[in-house]
Amino acid sequence: MSTFFEALQQKFGAQVQSMSAEREQEVYLHVGDPDIRALVEYLRNEFQARLVTVFAEDRRSAEGVFFNYYVLEGKGDPRYLIVRAPVRADHPEFPSLSAQLPAVNWQEREIQDWFGLKAAGHPNPRRVALHDNWPDVHPLRKDFPLETLLPPFEGERHIYRPALGEGVFQVPVGPVHAGTIEPGHFNFAVAGEPILYLQLRMFYTHKGTEKLFEKLPIPKAVFLAESISGDSSFSHGTAFCQAIERVAQMEVPLRARIMRTILLELERICNHVADIGAIATDVGFVIANAHASRLKEMLASLNEQLTGNRLLRGMVCVGGVRRGWDAVQLVSLRAAIDAFASEFQDLIALIDSSESTRDRLELTGVLRPEKARDLGIVGVAGRASGMDLDVRRDHPYAAYGRYSFRVPVYQIGDVSHRMQVRVDEVNESLGILRSAAEESLHGEFCTQVPPISADRCALSAVEGWRGEIIHWIRTGPDNHLERCKINDPSLNNWPALVEAVQGNIIADFPVINKSFNLSYSGTDR
Amino acid sequence: MFKIIQKTIRTGIVTKAYPAELAHISEHFRGRPSNDSREVTVDYGLCVFCGLCAEASSDKAVRITQEFELATKNRRNLVLTAEYTLNADRTHRQLGTVRRGSGSVETDAKIVGQKARETIHKVLGRSLAIREVDAGSCNGCEVEIVALNNPIHDIERFGIQFAASPRHADMLLVTGPVTRNMELALLKTYRAMPEPKVVVAVGACGISGGIFGENYASLGGVDKVLPVDVYIPGCPPRPQALIHGILLAVGRLGEKLYHERGR
């Protein structure tokens, strides 16, 4: 590590100030200037580093400045490198990376909206996280109280890029959609049936989640983490608890880590099987969805049997899990895994037997690997387009180090392959579940939480069923948090949808959208 | 004379700031005799059913049940205040009276509106089209609402369907705290629905704002924006609880007011 730092110093001089290993998987690099474009370029070229996320923090009262944090991950390196760059309070501006790294487009604009720090040189600096009709406020600044009452809403003022030409139309859809889904606005420019391009507007469900984390005592904040995205309750809950456990330097008992692994995998297969059914529905194969949703219901009942809640809520806690499992529960778990596995094979055989379904899915909504790389696409969508990433393998947590599993990666990037990634992952998860359910689950399932000291930071990552979930926290006094940054994979992946729909017919939009199945709430927070 | 002034100055201010500050009272002082009871209030319209209350009360003052049919037409019915008598060590001895209510008082206009809607329920009774709007939820409620269409819960056996357009809908089923960014879309959807229409608020967030409450981005519960006919508690409500609440809203099932064991 020291040679790495020396090399950086030689190349960048006084810009790199110091480096500190907060813990094994987390290295902080402190730089003196907000312009880190050359540094990030160097890290990406020399170490094949990937920029995981970018976020800001208001440290004016403690350190007199704002900070931007750039989380990077090197290929095959289990550590995260977190570059911390100051942004002056009297000159709240930092050079934008978006021109060279389109992946941070929305994240930098989020910093502009929430902290009032200008991303100078951003190719599209318009508001993203606060809608255009909001007053000029920056809610994540420390001097902005959570309960601030803002003047009433005054109608839409967002201007979409016009689409011109003979026979070109714009089709606005949402935020209220035809089905039971979350709200967001899609503006299609179409020439006849094919889509020329799609403009997105999200953040309809923005409800002040990151700010609210600064208000709640830590044990209660676990429930807020479970409400970031309801279909990923356990993954977000676990990511949050892990962050606290890292700050408190707690050892989570093996029994709890195995139980968490089981529940994380149940959440994955539950959502994957639902998505497989929903993709079939969107091309008119409704009977496949009837079976898929029956299988999902099987798992929801199992979830309830194991945790008291169909969405696995109220189970994870700081230090482990809140309840152990008795012999009856373990028998149900093993029986359900076997029953599900055989039913799942039947479901996939049923879908494979329908040629018209395959025809609709193949080469529909293609996201090419080079685009996926530029846009920083993660999770299921990333793996279907050549992004060989999986937090479970690359940064093991819970009990994943104990089980072997394969990470499916394809290069085609169409709806069919996003579905295939899900099918493969369900099969891999069943393998993990079988091994984990055979382990002897004895001993403590939760350890006592020591007093949590203030002003400590930690990063935690979990491979949710959609992809990489990141939580970064700074603790405050009295069992509260100073800052909680949440990165749901949905935020990274929306630009992939924009890319994938181009040239497809508008009637295929629902199935393309479903093949990504991103969380609006996870994006908007 | 000088000594008197000197004495006064040396003594300084002795007046206590009560009631601005608390009165300093000896622990041996005998004040109001207490009947050793304690009141506990639970608001099912805010509850996320995490079960921590039952874990915290080692003497079983609160216990978790398997009951879930909590939907009600009256927000006040969701607030329960229980009075307990206490043992000498302040643990709970016996459950005394249980009261429903408190919280905001219904206005006359709202009660009249509710009566009008009750006649409407007779019209809508058999067949019903629902328009669902997520006004800011975490999508947990959506997961369970979607499950109403699966072969296990199959809400179509009641003649109930989900409609794509508000113009075809009789019922507006709303989840989530109403965010600032969704307020207008929710209002427009409601206005697009033909009369007669009913509104059902789903989940802790839909009822009260839930864990998100009211803040710069969240307006709180659905009834901050629209007149709500039925509230369905849960985080999220399980599919059967949703079915119960939907059937209650159209008068096909009654309210289930669980009675606590009283004195």
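Helices (H or I, at least four residues) and strands (E, at least two) are DSSP runs, numbered from the N terminus.

A word on the model: it is predicted, with local features needing pLDDT of at least 70 and side-chain atom pairs counting only at pLDDT 80 or more, while totals for chains, interfaces and linings use all residues. Residues are numbered from 1 along each chain as its sequence is written, and chains are lettered from A and ligands numbered from 1 in the order in which they are written.

Back to α10 (residues 327-352) of chain A: this helix has 26 residues and reaches 38 Å from first C-alpha to last, close to the 38 Å expected at 1.5 Å a residue (1.5 Å times one less than the number of residues). Its buried residues include Phe340(A), Phe344(A) and Leu347(A); buried means 20 or more other C-beta atoms within 10 Å of a residue's own.

Helix α8(A) also meets α17 (residues 509-516) of chain A, where the axes come within 9 Å and cross at roughly 170°. Axes are lines fitted to C-alpha atoms, for helices over the stretch in contact, and angles run from 0 to 180 degrees between N-to-C directions. That makes the two helices, α8(A) and α17(A), roughly antiparallel (over 145 degrees).

Now for chain B. The contact takes 41 residues from chain A and 40 residues from chain B. On the chain A side, α9(A) gives the most, with 4 residues. Here are the classes for both contacts, with Ala, Val, Leu, Ile, Met, Phe, Trp, Tyr, Cys and Pro as nonpolar, Asp, Glu, Lys and Arg as charged, and the others, Gly among them, as polar.

| α8(A) with α17(A) | 4 nonpolar residues | 1 polar residue | 3 charged residues |

Elsewhere in chain A, an open sheet of 5 strands runs in the order β1-β2-β5-β4-β3, with mixed pairing; strands pair if DSSP finds at least two bridges between them. β1 (16-23) and β3 (50-59) of chain A stand at the edges with a single partner strand each, so one side of each has no neighbour in the sheet. Strands β4 (residues 65-73) and β5 (residues 80-88) of chain A pair in the antiparallel sense over 9 bridges, and Leu72(A) stands opposite Leu81(A) in β5(A).

Terms used
A residue is buried if 20 or more other C-beta atoms lie within 10 Å of its own, exposed if 12 or fewer, and partly exposed in between; C-beta atoms are placed from the backbone. Two residues are in contact if their C-beta atoms, placed from the backbone, lie within 7 Å. Angles under 35 degrees count as roughly parallel, over 145 as roughly antiparallel, 65 to 115 as roughly perpendicular and the rest as oblique.
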